[in-house]
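Me: I'd like to learn how to read a structure like this one, feature by feature. Can you walk me through it?

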Amino acid sequence: MNPGSVNLSEVLTRMPIEDPLKKRIASKALLDHKICRDCGARNPMSATRCRRCKSKNLRLKHTKLVRR
Ligand SMILES: [Zn+2]
(Lines give C-alpha, C1' and ligand atoms only; values in the text may rest on other atoms or scores of the structure.)
Protein backbone atom coordinates (compact mmCIF):
# COMPACT_ATOMS: atom_id res chain seq x y z
CA MET A 1 0.00 0.00 0.00
CA ASN A 2 1.14 3.47 -0.81
CA PRO A 3 0.93 5.63 2.34
CA GLY A 4 0.41 8.68 0.18
CA SER A 5 -2.91 7.39 -1.05
CA VAL A 6 -4.69 7.40 2.29
CA ASN A 7 -8.26 8.48 1.79
CA LEU A 8 -9.54 10.47 4.76
CA SER A 9 -13.19 9.64 4.31
CA GLU A 10 -12.21 6.00 4.04
CA VAL A 11 -10.29 6.20 7.32
CA LEU A 12 -13.14 7.96 9.07
CA THR A 13 -15.57 5.34 7.86
CA ARG A 14 -13.45 2.59 9.29
CA MET A 15 -12.63 4.49 12.47
CA PRO A 16 -15.30 7.06 13.28
CA ILE A 17 -14.10 9.96 15.41
CA GLU A 18 -16.76 11.80 17.38
CA ASP A 19 -14.66 14.38 19.18
CA PRO A 20 -14.34 17.38 16.83
CA LEU A 21 -10.94 18.28 18.25
CA LYS A 22 -9.58 14.80 17.69
CA LYS A 23 -11.11 14.85 14.26
CA ARG A 24 -9.29 18.06 13.46
CA ILE A 25 -6.02 16.59 14.69
CA ALA A 26 -6.59 13.42 12.70
CA SER A 27 -7.41 15.34 9.54
CA LYS A 28 -4.35 17.50 10.01
CA ALA A 29 -2.12 14.50 10.51
CA LEU A 30 -3.54 12.87 7.43
CA LEU A 31 -3.74 15.88 5.18
CA ASP A 32 -0.81 18.11 6.05
CA HIS A 33 1.60 16.62 3.62
CA LYS A 34 3.01 17.12 0.22
CA ILE A 35 2.91 14.10 -2.00
CA CYS A 36 5.59 13.42 -4.56
CA ARG A 37 4.09 12.90 -7.99
CA ASP A 38 7.09 10.84 -9.03
CA CYS A 39 7.45 8.32 -6.22
CA GLY A 40 4.39 8.98 -4.05
CA ALA A 41 6.41 9.66 -0.91
CA ARG A 42 4.93 11.84 1.80
CA ASN A 43 6.90 14.96 2.59
CA PRO A 44 6.50 17.64 5.24
CA MET A 45 4.56 20.77 4.33
CA SER A 46 7.80 22.72 4.36
CA ALA A 47 9.43 20.48 1.79
CA THR A 48 10.27 21.92 -1.59
CA ARG A 49 11.59 18.70 -3.00
CA CYS A 50 10.97 15.06 -2.31
CA ARG A 51 13.02 13.57 0.49
CA ARG A 52 13.14 10.25 -1.27
CA CYS A 53 13.81 11.00 -4.93
CA LYS A 54 14.67 14.74 -4.76
CA SER A 55 12.01 15.52 -7.30
CA LYS A 56 10.44 18.96 -7.19
CA ASN A 57 7.24 17.53 -8.54
CA LEU A 58 5.29 17.78 -5.29
CA ARG A 59 1.63 18.38 -4.79
CA LEU A 60 -0.37 19.30 -1.73
CA LYS A 61 -2.47 16.51 -0.38
CA HIS A 62 -6.03 17.30 -1.30
CA THR A 63 -7.68 18.83 1.73
CA LYS A 64 -11.27 18.22 0.88
CA LEU A 65 -13.18 17.04 3.95
CA VAL A 66 -16.36 15.07 3.58
CA ARG A 67 -18.92 16.32 6.08
CA ARG A 68 -21.52 13.93 7.35
ZN1 LIG B 1 9.68 11.43 -4.75
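Me: Let's start with a single residue. Is Lys54 buried or exposed?

Reply: The general idea is to count C-beta atoms, placed from the backbone, within 10 Å of the residue's own: 20 or more others is buried, 12 or fewer is exposed, and in between is partly exposed. Lys54 has 10 other C-beta atoms within 10 Å, so Lys54 is exposed. Lys54 sits in the loop between β2 and β3. Its phi is near 65 degrees, a positive value in a residue other than glycine. Before you go further, note that this is a predicted model: local features need pLDDT of at least 70, side-chain atom pairs count only at pLDDT 80 or more, and totals for chains, interfaces and linings use all residues. Residues are numbered from 1 along each chain as its sequence is written.

Me: What order do the elements come in?

Reply: Elements are DSSP runs numbered from the N terminus: helices are H or I with at least four residues, strands are E with at least two. This chain has two helices and three strands, running α-α-β-β-β from the N terminus on.

Me: How do I check a helix, say α2? What should its 12 residues span?

Reply: The expected span is 1.5 Å times one less than the number of residues. For the 12 residues of α2 (residues 20-31) that gives 16 Å, and the end C-alpha atoms are 16 Å apart, which agrees. The number of buried residues in α2 is zero, so the helix lies largely in the open. Across the chain's 68 residues, 7% count as buried.

Me: Now the strands. In what order do they form the sheet?

Reply: Two strands pair if DSSP finds at least two bridges between them. Here the three strands make an open sheet in the order β2-β1-β3, with antiparallel pairing. β2 (42-43) and β3 (58-60) are the edge strands, each pairing on one side only. Two bridges join β1 (residues 34-36) to β2; in one example, Ile35 has Arg42 in β2 as its bridge partner.

Me: And contacts? Which residues does Met45 touch, leaving aside neighbours within four places in sequence?

Reply: Two residues are in contact if their C-beta atoms, placed from the backbone, lie within 7 Å. With those neighbours left aside, Met45 is in contact with Asp32, His33 and Lys34. Met45 is in the loop between β2 and β3, and it counts as exposed, having 10 C-beta neighbours inside 10 Å. For the whole chain, take the contacts with a separation of 6 or more: residues 24 or more positions apart account for 31% of them.

Me: How far apart in space are residues that are separated in sequence, such as Met45 and Leu60?

Reply: Compare the sequence gap with the C-alpha to C-alpha distance. Met45 and Leu60 are 15 residues apart in sequence and 7.9 Å apart in space. Thr48, also in that β2 to β3 loop, is 10 residues from Leu58 in sequence and 7.5 Å from it in space. His62, in the segment after β3, is 28 residues from Lys34 in sequence and 9.2 Å away in space.
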